[in-house]
Amino acid sequence: MKAKVSIIMGSTSDLPVMEKAAQILNDFKIPFQINALSAHRTPEEVEVFAKGAMDNGIKVIIAGAGMAAHLPGVIAAMTPLPVIGVPINASLDGMDALLAIAQMPPGIPVATVAINGAMNAGILAAQIIASGDEALQAEVIKFKESLKQKIVKANEELATVKYEYRV
């Protein structure tokens, strides 16, 4: 089994956030790899990874970083693959990371999810891969329907809660 998605984080301290993407990919049975690479501390390794990802069978890269948060953009500059950036709340409530990832120059797009939004990054990666895989597309549709059903059920439960002044 060959990885289709690569989850990269700037530091292993980002794992509590990034493992949410890993769990989604695992739930969708999408093979993935997960590694720590730093745009600032291991730039040569980042370059080797980014330039070789497509040849290694990767279809989508999810890159999480906090603070200066250059990792997703650096990777996007060196690969034709879609890169999904996950800004991590490491300082300034994650706003520094969000802006560093979202404000990319023309020609170097990075799809950016919410601060600490690795779950959505995993879902987006699954949707990208599913665009060429009918079986996975059916699973994504089923997943989206389950989200709807959770809200329908929650509203049914709310309707049974009694409050003295509820109208």
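Biologist: How many bridges join β3 to strand β4?
Modeller: This is a predicted model, with residues numbered from 1 along each chain as its sequence is written. Local features need pLDDT of at least 70, side-chain atom pairs count only at pLDDT 80 or more, totals for chains, interfaces and linings use all residues, and side-chain values use heavy atoms, with hydrogens and water left out. Helices (H or I, at least four residues) and strands (E, at least two) are DSSP runs numbered from the N terminus, and two strands pair if DSSP finds at least two bridges between them. β3 and β4 (residues 83–88) run parallel, and the number of bridges joining them is six.

Biologist: In β4, which residue is the bridge partner of I61?
Modeller: Strands of a sheet pair through backbone hydrogen bonds, either parallel or antiparallel. For β3 and β4 the sense is parallel. The bridge partner of I61 in β4 is V83.

Biologist: How many of the seven residues of strand β3 are buried?
Modeller: On its β1 side (residues 5–9), β3 pairs in the parallel sense over five bridges, with A63 as the bridge partner of I8. Buried means under 20% relative accessible area, exposed over 50% and partly exposed in between (1.4 Å probe, protein chains only). Strand β3 (residues 60–66) is largely enclosed by the rest of the structure because its buried residues number six of the seven.

Biologist: Which are the edge strands?
Modeller: Five strands form an open sheet with parallel pairing, in the order β2-β1-β3-β4-β5. An edge strand pairs on one side only. The edge strands are β2 (32–36) and β5 (111–112).

Biologist: α1 packs on the sheet; what angle does its direction make with that of β1?
Modeller: β1 also pairs in the parallel sense with β2, over five bridges, and I7 stands opposite I34 in β2. α1 touches β1, β2, β3 and β4, where contact means heavy atoms within 4.5 Å. Axes are lines fitted to C-alpha atoms, for helices over the stretch in contact, and angles run from 0 to 180 degrees between N-to-C directions. The direction of α1 makes with that of β1 an angle of about 170°.

Biologist: Is M9 buried or exposed?
Modeller: M9 lies in strand β1. Leaving aside neighbours within four places in sequence, its contacts include L15, M18, A36, L37 and L71. The C-alpha atoms of M9 and I34, 25 residues apart along the chain, are separated by 8.0 Å. Since its relative accessibility is 3%, M9 counts as buried.

Biologist: Which residues of helix α2 are buried?
Modeller: α2 covers residues 43–52. The cover over its buried residues includes β1, β2, β3 and α3 (71–77). Those buried residues are V46, F49, A50 and G52.

Biologist: How far apart are the axes of helix α1 and α5?
Modeller: Two packed helices are described by the angle between their axes and the distance between the axes. Helix α1 (residues 15–27) packs against α5 at an angle of about 30°. Residues including V17, A21 and I24 in α1 meet residues including M119, G122 and I123 in α5. The axes of α1 and α5 are apart by 7 Å.

Biologist: At roughly what angle do the axes of helix α5 and helix α6 cross?
Modeller: M119, I123, A126, Q127, I129 and A130 in α5 (residues 118–130) meet L136, Q137, V140, F143 and K144 in α6 (residues 134–159). By class, this contact has eight nonpolar, two polar and one charged residues; Ala, Val, Leu, Ile, Met, Phe, Trp, Tyr, Cys and Pro count as nonpolar, Asp, Glu, Lys and Arg as charged, and the others, Gly among them, as polar. The axes come within 8 Å, and they cross at roughly 140°.

Biologist: In which loop is K29 found?
Modeller: Most residues other than glycine have a negative phi. Phi of K29 is near 60°, a positive value, and K29 is exposed, with a relative accessible area of 73%. N116 also has a phi near 60°, but N116 is partly exposed at 32% and lies in the loop between β5 and α5. K29 is found in the loop between α1 and β2.

Biologist: What share of the residues of the protein count as buried?
Modeller: The protein has six helices and five strands, running β-α-β-α-β-α-β-α-β-α-α from the N terminus. Its C-alpha trace spans about 65 × 40 × 30 Å along its principal axes. Of the 167 residues, the share that count as buried is 38%.
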